[in-house]
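Subject: A structure for you to look at

Hi there,

Here is the structure I promised to pass on. Have a look at it first, and then read my notes below.

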Amino acid sequence: MVDPTSGDQTEINERGPAVSEAELELFYDKLLYLAKGAGVVVFAGSLPRGVPDDLYARLVHDVKKLGATTVLDAEGEAFRLATRAEPTVVTPNETEAEELVGHEFADDEDRPPAVREIAEMGAREAIMTLRSGCLGLVGEQGEQRLYRASLDPDVVDPVSTVGSGDAFLAGYVAARYGGDRPDECLRFAVACGAESVRHMGAGVIDAAEVGRLSGEVSVEHIGEPAVQSS
């Protein structure tokens, strides 16, 4: 809902339905069947009522065995448990990252170490989304590098931020699936998230504008490789 006089926005999320054990078992089997032919599987959102906190962790573990890239965007205990299941990519926002590492970030200097810490918890790649872009520890296993991707806020006239994080994640997954370099995946993701805020309604973007905004995204390498995976 948008207040036409002030521009203030209110997002209302209703409580989801309860899920029975039989329904969950059917879903689990169906997902693993479909994952056999998938290159990437994304686990996103909060879990419904009646679903155990370790669901994402178990799914990440089983989908990895099928050879698919696993991407995790969740919150709370389900997020913590699934991160320890060693997904390929986790993409918390700043609040979710603070909860995951167990402390708030006092300033900009606290964020890069937190991204590294999240990767050390189990994720091969960790990306923290920020209002101005993201911090991402990304790359091939054993060769991850930490990047900051950002876009000058004056470049975009925001209309609605609802769904921008989902647009960011979709952009990153699409670029990664297409074989782009890790830093270019972050660039494209930030451009998708930025383009999303220019429209009312989640997931509404103009592909041509994403291409234009990609050229405005600054990507810088921060320090030396931080994680040497075994």
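Not counting residues up to four places away in sequence, Asp 53 touches Leu 47, Glu 77, Ala 78 and Leu 81, where contact means heavy atoms within 4.5 Å. Before I go on, please keep in mind that this is a predicted model, in which local features need pLDDT of at least 70 and side-chain atom pairs count only at pLDDT 80 or more, while totals for chains, interfaces and linings use all residues. Residues are numbered from 1 along each chain as its sequence is written, and side-chain values use heavy atoms, with hydrogens and water left out.

Asp 53 sits in the loop between E1 and H2; helices (H or I, at least four residues) and strands (E, at least two) are DSSP runs, numbered from the N terminus. The relative accessible area of Asp 53 is 41%, which makes this residue partly exposed. On that scale, buried means under 20% relative accessible area, exposed over 50%, and partly exposed in between, using a 1.4 Å probe and protein chains only. Arg 80 is 27 residues from Asp 53 along the chain, and their C-alpha atoms are separated by 9.3 Å.

One of the contacts of Asp 53 is Ala 78, and that brings us to helix H3 (residues 76-83), where Ala 78, Phe 79, Ala 82 and Thr 83 are buried. An α-helix has 3.6 residues a turn, so residues three or four places apart point the same way. What do the buried residues of H3 pack against? Their partners are helix H2 (55-64), strand E2 (69-73), strand E3 (89-90), H4 and helix H5 (111-120).

Rings of Phe, Tyr and Trp (its six-membered ring) pair if their centres lie within 6.5 Å, and planes under 30 degrees apart count as stacked, over 60 as edge-to-face and the rest as tilted. By this rule there is one aromatic pair. The pair is tilted and is made by Phe 43 and Tyr 56, with 5.9 Å from centre to centre and 50° between the planes.

- Glu 86 lies in the loop between H3 and E3. This residue has a positive phi of about 65° although it is not a glycine, and its 48% relative accessibility counts as partly exposed.
- Thr 91, in the loop between E3 and H4, counts as buried at 4% relative accessibility. Leaving aside neighbours within four places in sequence, its contacts are Leu 72, Asp 73, Glu 96, Ile 127 and Leu 169. Thr 91 and Leu 169 are 78 residues apart in sequence, yet 7.5 Å apart in space, C-alpha to C-alpha.
- Glu 104 is in the loop between H4 and H5 and counts as exposed at 67% relative accessibility. Apart from neighbours within four places in sequence, Glu 104 is in contact with Glu 98 and Asp 110.

Finally, there is the largest pocket, with about 1400 Å³ of space in it. A pocket here is an open set of points on a 1 Å grid over the protein atoms alone, where a 1.4 Å probe fits, with protein on both sides within 12 Å along at least five of seven lines; lining residues have an atom within 4 Å of a point. The volume is the space filled by probe spheres set on the points. How many residues line the largest pocket, and which lie nearest its centre? There are 37, with Asn 93, Thr 129, Thr 161, Ser 164 and Gly 165 nearest the centre. Helix H4 (94-101), strand E4 (125-130), helix H6 (164-177) and helix H7 (182-196) each supply at least two lining residues, and the largest share, four residues, comes from H6.

Enjoy exploring it!

Best wishes
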